[in-house]
Amino acid sequence: MYTLIIPCAGNSSRFPNMRPKWMLTHPEGKLMVEKAIDGLNSNSFERTIITILRDHAEKYESELWLKQIFGDKVEICILESPTNSQTETVYKTLLEMKVKGSFCVKDSDGYIAVALKGKNFVTGIDIREMLDLTNVPAKSFVLKNEQNILTNIIEKSVSSNHISIGLYGFGDTDQFIDKYLELSSLISTEIYPSHIISSLIGDGVIFRYLEADKYQDWGTAKEWRNDALKMSSYLVDI
């Protein structure tokens with residue numbers, strides 16, 4: 001079983017006074033979460049799960065929106081309360097939805113076009129080829145060898161020319177759960193996917209680096225607006 005998980009259970013603190021960011025509408029007419037998975041081959045996955053909050057389902061009818069957009073192609077996991085991290089959201093989704101086998105985690109706030117290969121991987125880009133990329137120090141940085149095998153991944157510390165862009169592959173659900181529980185007992189602060197991957201690498205698990213063909217980052221309201229402005233329309237009354 002190969003599953004795609006899109007965590008949408010955050011508080012969208014970087015998008016104040018708006019709907020949850022994943023529900024914002026792109027100028028093309030699609031929700032951010034729709035655009036976020038457009039670049040992936042949906043036929044690669046046997047299950048696609050979007051995880052949302054109960055509060056958002058009740059306040060914004062987000063569950064209804066998703067069912068109208070995706071129909072039966074997507075399963076919806078509803079969490080009763082916010083989690084402390086994206087990784088905790090994934091952990092709870094795996095348990096709640098009884099996910100088994102390999103799975104991918106895709107951020108809801110960015111577009112990635114990439115050909116998926118293998119099961120354990122990190123998708124990234126070379127920052128030297130994206131001069132308009134903002135907030136670079138807040139990214140996680142990928143260290144890899146010439147064979148594109150990761151030697152480490154480091155959170156929010158500029159340490160290479162390659163950054164992770166929010167699409168991760170994990171070959172074993174039970175392995176992820178065990179590692180999350182292990183780190184939860186050791187780390188009191190937020191646990192990022194990079195922490196899970198780095199620790200698994202330390203255990204001898206091989207993760208490969210996949211270079212994205214295209215990437216758009218909507219991590220903040222400013223980045224979302226800037227992308228929307230690229231498609232601005234002008235109405236001229238003649």
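Residues are numbered from 1 along each chain as its sequence is written, and side-chain values use heavy atoms, with hydrogens and water left out. Because the model is predicted, local features need pLDDT of at least 70 and side-chain atom pairs count only at pLDDT 80 or more, while totals for chains, interfaces and linings use all residues.

The structure contains 6 aromatic pairs. Rings of Phe, Tyr and Trp (its six-membered ring) are paired if their centres lie within 6.5 Å; planes under 30 degrees apart are stacked, over 60 edge-to-face, and the rest tilted. Tyr-91 and Tyr-180 form a stacked pair, at 4.6 Å centre to centre and with 25° between the planes. This pair links distant parts of the chain, 89 residues apart: Tyr-91 belongs to helix H4 (residues 86–96) and Tyr-180 to helix H5 (residues 173–184). Helices (H or I, at least four residues) and strands (E, at least two) are DSSP runs, numbered from the N terminus. Buried means under 20% relative accessible area, exposed over 50%, and partly exposed in between (1.4 Å probe, protein chains only). By this criterion Tyr-91 is buried, at 17%, and Tyr-180 is buried, at 9%. Phe-170 and Phe-176 form an edge-to-face pair, with ring centres 5.0 Å apart and planes at 75°. Phe-170 has a relative accessible area of 2% and is buried; Phe-176, at 3%, is buried. Ring pairs join Phe-103, Phe-170, Phe-176 and Phe-207 into a cluster.

Charges also sit over rings, a term that requires NZ of Lys or CZ of Arg within 6 Å of the ring centre and within 35 degrees of the ring normal. The charged end of Lys-35 is placed over the ring of Tyr-111, 5.5 Å from its centre. Lys-119 lies over the face of Tyr-2, with a distance of 3.7 Å to the ring centre.

H5 packs against helix H6 (residues 193–202), their axes coming within 10 Å and crossing at roughly 105°. Axes are lines fitted to C-alpha atoms, for helices over the stretch in contact, and angles run from 0 to 180 degrees between N-to-C directions. H5 and H6 are therefore roughly perpendicular to each other, where angles of 65 to 115 degrees count as roughly perpendicular, under 35 as roughly parallel, over 145 as roughly antiparallel and the rest as oblique. On the H5 side the contact (heavy atoms within 4.5 Å) is made by Gln-175, Phe-176, Lys-179, Tyr-180, Glu-182 and Leu-183, and on the H6 side by His-195, Ile-196, Ser-199 and Leu-200.

Of the 10 residues of H6, 7 are buried, so this helix is largely enclosed by the rest of the structure. These buried residues are Pro-193, Ser-194, Ile-196, Ile-197, Ser-199, Leu-200 and Ile-201. They pack against H4, S6, S7, S8, strand S9 (162–170) and H5. In H4, the buried residues are Thr-87, Glu-88, Thr-89, Val-90, Tyr-91, Thr-93 and Leu-94. Their cover includes strand S1 (2–7), strand S2 (47–53), strand S3 (75–79), strand S4 (102–106), H5 and H6.

Ile-112, in strand S5 (residues 110–113), is buried with a relative accessible area of 0%. Its C-alpha is 7.0 Å from that of Ala-36, although Ile-112 and Ala-36 are 76 residues apart in sequence. Apart from neighbours within four places in sequence, the contacts of Ile-112 include Ala-36, Leu-40, Ile-165, Leu-167 and Tyr-215. Lys-139 lies in the loop between strand S6 (121–126) and strand S7 (140–144) and is buried, at 13%. Beyond neighbours within four places in sequence, Lys-139 is in contact with residues including Glu-155, Tyr-215 and Asp-217.

Most residues other than glycine have a negative phi. Asn-135, in the loop between S6 and S7, has a positive phi near 55° and is partly exposed, at 40%. Asn-148, in the loop between S7 and strand S8 (150–155), has a positive phi of about 60° and is partly exposed, at 30%. H4 is followed by Lys-98, with a positive phi near 55°, and just after H6, Gly-204 takes a positive phi of about 100°.
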